[in-house]
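Student: I would like a close look at a single part of this model, followed by one connected account of how that part sits in the rest.

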Amino acid sequence: MLQIAVVYHSGYGHTQRMAQAVADGAGAELIAIDADGSLPEGGWETLAAASAIIFGSPTYMAGPSWQFKRFADASSKPWFSQAWKDKLFAGFTNSAATNGDKQITLDYLFHLAMQHGGLWVGAGVLPSNSKTATRNDVNWLGAYSGAMAQSPSDASAGEMAPGDLDTARVLGQRVAELAARFHQD
């Protein structure tokens, strides 16, 4: 049976909303990294059983949160045994600034997946960059390597742009579609 996991850290709730949107699109199970950088009970087993793993982290100070990095460092056990080799991977991030160095976070997630011998799934969505495009369009931020969201520093998670959440859902759908095709017998 096809299993997809979304493992993420969220500091203020914005990345959690993205994670939920990705999971909704992929039909995935959520695994929240806690404030200490640890997974819940059974989290490592869920990742081991997954056909696809989708990483999510806010972008803080030009990279993923330290809690996500702690999880990444702890993934050296499955790395050593190549337990995640040939799984599909994807990633998403959120920051307050329009640029906010989100691409650096997506690059970090990509390289983590590559170290695990994984296969990366990009967004697969053209950017909404015409004169008629609005902030609520899918992929308004123009990301190709994953899903990006921008949330003003004084905005609650409930005030996220609908287009950013739609972009996250589309990424989840793409991962699920490719996982189904990739794992056909």
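At what angle do helix α3 and helix α5 pack, and how far apart are their axes?

Tutor: A word on the basis comes before the answer. This is a predicted model, in which local features need pLDDT of at least 70 and side-chain atom pairs count only at pLDDT 80 or more, while totals for chains, interfaces and linings use all residues. Residues are numbered from 1 along each chain as its sequence is written, and side-chain values use heavy atoms, with hydrogens and water left out.

Two packed helices are described by the angle between their axes and the distance between the axes. Helix α3, residues 66–74, packs against helix α5, residues 102–115, at an angle of about 10 degrees, and their axes are 11 Å apart. That angle makes α3 roughly parallel to α5, a term for angles under 35 degrees, where over 145 counts as roughly antiparallel, 65 to 115 as roughly perpendicular and the rest as oblique. The axes are lines fitted to C-alpha atoms, for helices over the stretch in contact, and the angles run from 0 to 180 degrees between N-to-C directions. Helices (H or I, at least four residues) and strands (E, at least two) are DSSP runs, numbered from the N terminus.

On the α3 side the contact (heavy atoms within 4.5 Å) involves F68, K69 and A72, which meet Y108, L109 and L112 in α5. The residues of this contact divide into five nonpolar, no polar and one charged, where Ala, Val, Leu, Ile, Met, Phe, Trp, Tyr, Cys and Pro count as nonpolar, Asp, Glu, Lys and Arg as charged, and the others, Gly among them, as polar.

Around this pair, the chain has six helices and seven strands, and from the N terminus on its elements run β-α-β-α-β-β-α-α-β-α-β-β-α. Of the contacts in the chain with a separation of 6 or more, 75% are accounted for by residues 24 or more positions apart. Of the 185 residues, 50% count as buried, that is, under 20% relative accessible area, with exposed meaning over 50% and partly exposed in between (1.4 Å probe, protein chains only).

I31, in strand β2 (residues 29–32), counts as buried because its relative accessibility is 2%. The C-alpha atoms of I31 and A5 are separated by 7.0 Å, although these residues are 26 residues apart along the chain, and I31 touches several residues, among them A5, V7, L39 and L47, not counting residues up to four places away in sequence. A168, found in helix α6 (residues 162–182), counts as buried at 0% relative accessibility. Leaving aside residues up to four places away in sequence, A168 touches M18, A21, V22 and A147, and its C-alpha atom is 9.4 Å from that of R17, 151 residues apart along the chain.

M61, in the loop between β3 (52–60) and β4 (63–64), has a phi near 50 degrees, a positive value in a residue other than glycine, and is exposed, with a relative accessible area of 82%. N139, in the loop between β6 (119–120) and β7 (147–150), also has a positive phi, near 55 degrees, but is buried, with a relative accessible area of 3%.
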